[in-house]
Amino acid sequence: MDPLTLSRDMSAAALWWASLEPDQRRTCYQPAELQAATGIARANLPHVLELLGWHRAQRWTREAGRRRIRTYYAPPGHHVPKPPRGRPSLDVLALLAIERTDPYDLFPR
């Protein structure tokens, strides 16, 4: 990769990220979103964002009955969350704390 292109793309990404308001910043971005926002070629995104400290992760998703791998980027200080695996955990304390009340009681004590 050309050093001039690399420095131009790094400055474009850094300026874009710095120009965002804190409430507009998200924790994960897809390459197409970053390419549209910064104008960086998709082939150069991994090199540029790695040098800027962004975390890159690939996750499997299911779309239209087919498995697909998706790439996500997280800004510095964040990580791409992993999808949940297995059965959902049960809140045992909530299950044991069930109170039996009359649903038709208008004035519960």
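Colleague: Which residues make up the largest nonpolar core?

Modeller: Before I answer, please note that this is a predicted model, in which local features need pLDDT of at least 70 and side-chain atom pairs count only at pLDDT 80 or more, while totals for chains, interfaces and linings use all residues. Residues are numbered from 1 along each chain as its sequence is written, and side-chain values use heavy atoms, with hydrogens and water left out. A nonpolar core is a set of buried Ala, Val, Leu, Ile, Met, Phe, Trp, Tyr and Cys residues joined through side-chain atoms within 4.5 Å, where buried means under 20% relative accessible area, exposed over 50% and partly exposed in between, with a 1.4 Å probe and protein chains only. The largest such core has 12 residues, namely A13, W16, W17, L20, Y29, L34, I40, L45, V48, L49, W54 and Y73.

Colleague: Which elements give two or more residues to this core?

Modeller: Helices (H or I, at least four residues) and strands (E, at least two) are DSSP runs, numbered from the N terminus. In soluble globular proteins, nonpolar side chains tend to be buried together. Here the elements that supply two or more residues to the core are α1 (3-19) and α3 (45-51).

Colleague: With which residues is W17 in contact, leaving aside its neighbours within four places in sequence?

Modeller: Contact means heavy atoms within 4.5 Å. W17 is buried, as is W16. Once the neighbours within four places in sequence are set aside, the contacts of W17 are R25, R26, Y29, W54 and P75.

Colleague: How many residues apart in sequence are the parts that the pair of Y29 and W54 ties together?

Modeller: Rings of Phe, Tyr and Trp (its six-membered ring) pair if their centres lie within 6.5 Å, and planes under 30 degrees apart count as stacked, over 60 as edge-to-face and the rest as tilted. Y29 and W54 form a tilted pair, with 6.1 Å from centre to centre and 50 degrees between the planes. Because Y29 lies in the loop between α1 and α2 (31-38) and W54 in the loop between α3 and β1, the pair ties together parts that are 25 residues apart in sequence.

Colleague: Over which ring does the charged end of R25 sit?

Modeller: A charge sits over a ring if NZ of Lys or CZ of Arg is within 6 Å of the ring centre and within 35 degrees of the ring normal. The charged end of R25 is 4.7 Å from the centre of the ring in question, which is that of W17.

Colleague: Which residue stands opposite A57 in β2?

Modeller: Two strands pair if DSSP finds at least two bridges between them. Strand β1 (residues 55-63) and strand β2 (residues 66-74) pair in the antiparallel sense, over nine bridges. Within β2, the residue opposite A57 is Y72.
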